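Work through the exercises below with the model open. Each task is followed by a stepwise solution.

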Amino acid sequence: MSQDLASLTAQVLAFRDARDWAQFHTSEQLAKCISIEAAELLECYLWKQPAEADTQKVAAELADIFYAVLLMANTLGFDLAEELKKKLAENAEKYPVDKSKGNNKKYDVL
Ligand SMILES: [Mg+2]
């Protein structure tokens, strides 16, 4: 990783603020943006085998999602790194290695 979340968020906010776009970036609009960008990511794979997807386009759509995620976390005052750590801890409880290693069953049927 080249930069930490705080540095990347600062760059995203500078980009947004230079354009006076904060007024448009409500949590609802950003949630829509994340969902729409995720759909654009899926479109990269539509009617293709995974290996046929344009990896540059996939990377660009991931970056679009990440951009909106950073903005939404900032808008809501979330520490995204801390939220991810909490989620990993929750998932470690749901998916203990001895039960989940090598299988894709959901936690409620492990
Ligand atoms: Mg996009």
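E40 is partly exposed, at 27% relative accessible area (buried is under 20%, exposed over 50%, partly exposed in between; 1.4 Å probe, protein chains only). This is a predicted model: local features need pLDDT of at least 70, side-chain atom pairs count only at pLDDT 80 or more, and totals for chains, interfaces and linings use all residues. Residues are numbered from 1 along each chain as its sequence is written, and side-chain values use heavy atoms, with hydrogens and water left out.

**Exercise 1.** Find which residues coordinate the magnesium ion.

*Solution.* 
- Step 1: collect the donors (N, O and S atoms within 2.8 Å of the metal, 3.2 Å for Na, K and Ca; water is not among the atoms, so sites may look incomplete).
- Step 2: E37 (OE), E40 (OE), E61 (OE) and D64 (OD) coordinate the ion at 2.0 to 2.2 Å.
- Step 3: along the chain, these donors are spaced E-x2-E-x20-E-x2-D.
- Step 4: E40 lies in helix 2 and E61 in helix 3 (residues 55-76), so the pair ties together parts that are 21 residues apart in sequence. Helices are DSSP runs (H or I, at least four residues), numbered from the N terminus.
- Step 5: E61 counts as buried, at 2% relative accessibility.

**Exercise 2.** Describe the surroundings of E37.

*Solution.* 
- Step 1: list its contacts (heavy atoms within 4.5 Å). Leaving out residues up to four places away in sequence, E37 touches E61, D64 and I65.
- Step 2: look for opposite charge. E37 is buried yet has no salt bridge; K57, the nearest side chain of opposite charge, is 7.0 Å away. A salt bridge needs a side-chain nitrogen of Lys or Arg within 4 Å of a carboxyl oxygen of Asp or Glu.

Note on methods:
Lys, Arg positive; Asp, Glu negative; His and termini not counted. Helix = DSSP H or I, 4+ residues; strand = E, 2+ residues; numbered from the N terminus.
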